[in-house]
Amino acid sequence: MRIVVLGPPGAGKGTQAVRIADHFSCADIATGDIFRANVAEGSELGRIAQEYMDRGDLVPDEVVIAMVMGRLAEPDCAAGFVLDGFPRTVAQAEALDHRLAELRTPLHAALNFEITEEELLRRLVGRAAELHRSDDSEQTIRHRLEVFAIKTRPLVDYYQRRRLLAMVDAVGPVDHITARVLGCLGEDPALVAV
């Protein structure tokens with residue numbers, strides 16, 4: 001199974017990505033982990049990415065794409081993967097599709113986790129307090145959500161046009177959300193203990 005998970009910060013993508021990967025016995029790939037690994041290893045891509053991050057700039061698509069494609073070439077991805085945090089732009093989605101087409105291993109689905117702004121604020125403010133992050137004020141969180149909405153809408157439209165998009169109600173107990181995800185993927189939701 002090859003899946004992309006989309007949704008705003010705090011929607012539960014990371015939690016569900018781990019559960020989906022476990023269910024399908026495939027790799028759970030978080031792009032933040034790929035960045036940290038490349039930087040820690042001192043790889044050429046890691047050094048390039050670090051230069052951008054040190055300046056506070058976004059890492060260019062071609063560097064992000066190269067890192068992710070390198071990770072997808074690792075043996076644990078042969079059985080499939082769940083990508084969390086990639087793609088973030090249509091250009092990245094197109095690069096992913098192109099590479100998967102070359103390998104004759106197309107994407108199965110793009111799951112978009114839907115959640116109200118009020119619930120997101122509740123979750124993110126709570127998480128910021130738990131982690132003692134003073135930089136995550138309600139105003140900062142609202143700005144992050146606005147930026148996410150603007151940047152992600154084209155990606156949601158892209159996957160909808162490709163008939164790969166499945167909308168997931170991301171509110172409720174974790175097991176219930178997992179059951180919804182499995183239902184979207186054609187699995188029996190009863191496989192999840194709720």
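Analyst: Let's start with cysteine 26: its closest cysteine sulfur belongs to cysteine 77 and sits 8.6 Å away, too far for a bond. A disulfide is a covalent bond between the sulfur atoms of two cysteines, and here a pair counts when the sulfurs are within 2.5 Å. Keep in mind that this is a predicted model, where local features need pLDDT of at least 70 and side-chain atom pairs pLDDT 80 or more, while totals for chains, interfaces and linings use all residues. Residues are numbered from 1 along each chain as its sequence is written, and side-chain values use heavy atoms, with hydrogens and water left out.

Next comes cysteine 184. Its sulfur has cysteine 26 as the closest cysteine partner, but at 16 Å that is again too far for a bond. The structure ends up with zero disulfides.

How about their surroundings? Cysteine 26 is buried at 12% relative accessible area, whereas cysteine 184, at 36%, is partly exposed. Buried means under 20%, exposed means over 50%, and partly exposed is in between (1.4 Å probe, protein chains only).

Another buried residue is glycine 7, with a relative accessible area of 6%. You'll find glycine 7 in the loop between strand 1 (2-6) and helix 1 (13-24); helices (H or I, at least four residues) and strands (E, at least two) are DSSP runs numbered from the N terminus. Beyond its neighbours within four places in sequence, glycine 7 touches Lys13, Asn112, Phe113 and Phe148, where contact means heavy atoms within 4.5 Å.
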